[in-house]
Amino acid sequence: MINKIVASVEEAVAGIPDGATVMLSGFGTAGMPSELIDALIDQGAGDLTIVNNNAGNGETGLAALLKARRVRKILCSFPRQTDSHVFDALYRAGEVELELVPQGNLAERIRAAGAGIGAFFTPTGYGTQLAEGKETRLIDGRAYVLEHPIHADYALIKAERADRWGNLVYRKTARNFGPVMATAARCTVVQVHEIVELGELDPEAIITPGIFVKRVVRVPRSSTGLRAAA
Amino acid sequence: MEKLNRDQMAARVARDIPDGAYVNLGIGLPTLVANHLPKNREILLHSENGLLGMGPAPATGDEDSDLINAGKQPVTVLPGAAFFHQADSFGMMRGGHLDICVLGAFQVAVNGDLANWHTGAADAIPAVGGAMDLAIGAKQVFVMMEHLTKSGQSKIVQSCTYPLTGVACVNRIYTDLAVIDVTPQGLRVLEMVPGMSIEELNRVTGVPLLYERESDYA
């Protein structure tokens with residue numbers, strides 16, 4: 001019997017080693033797996049490479065992981081925000097490495113990893129600082145940059161609802177990076193608000209099929225529930 | 001001569017967005033365009049964090065932290081809206097499916113080069129987000145910006161001094177002084193604010209401008 005449901009967030013993040021590459025879903029705080037990140041902080045893994053769209057907000061979630069000095073390098077598209085002071089200070093002090101990636105390239109590099117693509121040519125970033133040193137090619141008169149996939153050891157993502165096979169549905173714009181990150185990691189760990197019986201999720205509406213998911217943990221909505229957006 | 005204010009600029013851009021268009025409005029000044037879209041046109045707004053059919057801001061108390069726009073502000077959805085993941089969202093751009101995107105800018109060069117993501121200052125923390133994808137992705141890229149910097153320098157330049165966002169990607173520039181098309185022949189002025197003269201626009205802009213029918217502006 002396949003049962004990917006684990007009993008606690010501690011169990012969900014067990015085994016993540018020092019030096020791992022870990023993807024974190026979320027766009028700002030929408031879709032950020034805050035409870036899994038808290039559990040990762042408690043678990044103690046360090047020297048991590050983190051892949052996320054941003055570099056943390058306020059003092060919680062990814063910002064808390066950064067503040068705990070567990071992150072060696074971050075790949076993201078938009079680190080600088082009004083409440084990214086934890087990252088800003090570490091970056092200015094040279095204590096965290098940044099690979100800045102245009103948001104669409106970030107998404108496509110993650111997708112490519114999950115889809116078994118070796119590399120791809122994209123027009124995004126051609127002729128800019130972010131393409132310096134990269135191979136380029138003219139294809140049918142248009143200039144492209146060669147970009148490589150981003151693989152991860154673990155992906156920690158947040159979805160809305162799952163069954164024991166790991167099929168997932170998401171909620172509104174909290175979906176963002178979850179579905180692509182789920183495909184790109186060797187071990188995808190998901191926190192959801194609700195676990196339902198097999199068959200309750202409409203097969204036409206499943207966004208992430210369970211084949212991409214290794215562990216599912218339920219985190220009640222009370223702690224990650226709806227908040228007024230900042 | 002009176003410069004357009006921010007709302008007047010937004011209204012001017014909105015006038016050029018046709019019925020049925022799929023449109024992305026960049027963060028900052030371009031978001032104002034949403035307030036001026038003609039009510040009798042069906043226009044779908046794309047938000048790159050994964051939403052097509054974005055509606056206006058919710059009433060106070062109705063905010064949902066799972067429903068935000070690219071600027072991370074709470075929004076609503078229109079009937080018929082759709083959610084999708086990031087790879088699909090940027091596929092919509094890169095794949096040329098969006099009709100128009102409206103972007104702010106630090107500088108636009110005469111060949112349509114765009115600089116809008118980074119001042120290049122040594123102590124600045126770089127952040128690009130979806131700017132480079134938007135710059136090359138939409139069928140038409142409109143830039144909306146003040147014509148001059150606060151110190152009076154033209155933001156329309158021979159060659160960008162700030163780091164580029166995209167190469168030769170801008171189609172049209174809307175400023176508080178004029179509407180200008182980027183063409184293979186050069187920058188072509190379509191409109192100027194009332195009271196603006198060709199001589200004055202040439203003087204403040206400082207790069208060669210073409211005029212379709214000069215009598216229109218006399």
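## Helix α5 of chain A

In α5(A), the buried residues (those with 20 or more other C-beta atoms within 10 Å of their own, C-beta atoms being placed from the backbone) include A:Gln103, A:Leu106, A:Ile110 and A:Gly114. Because 12 of the 13 residues of α5(A) are buried, this helix is largely enclosed by the rest of the structure. Helices here are DSSP runs of H or I with at least four residues, and strands are runs of E with at least two, numbered from the N terminus.

Helix α5 spans residues 103-115 of chain A and reaches 18 Å from its first C-alpha to its last, close to the 18 Å expected at 1.5 Å a residue; the expected span is 1.5 Å times one less than the number of residues. After α5(A) comes A:Gly116, with a positive phi near 75 degrees.

## Basis of the model

This is a predicted model, in which local features need pLDDT of at least 70 and side-chain atom pairs count only at pLDDT 80 or more, while totals for chains, interfaces and linings use all residues. Residues are numbered from 1 along each chain as its sequence is written, chains are lettered from A and ligands numbered from 1 in the order in which they are written.

## Contact between the chains

The buried residues of α5(A) pack against β5, β7 and α6 of chain A, together with α2 and α3 of chain B. Residues are in contact if their C-beta atoms, placed from the backbone, lie within 7 Å. The contact takes 40 residues from chain A and 33 residues from chain B. On the side of chain B that touches chain A, α2(B) gives the largest share, 5 residues.

Conventions:
Two residues are in contact if their C-beta atoms, placed from the backbone, lie within 7 Å.
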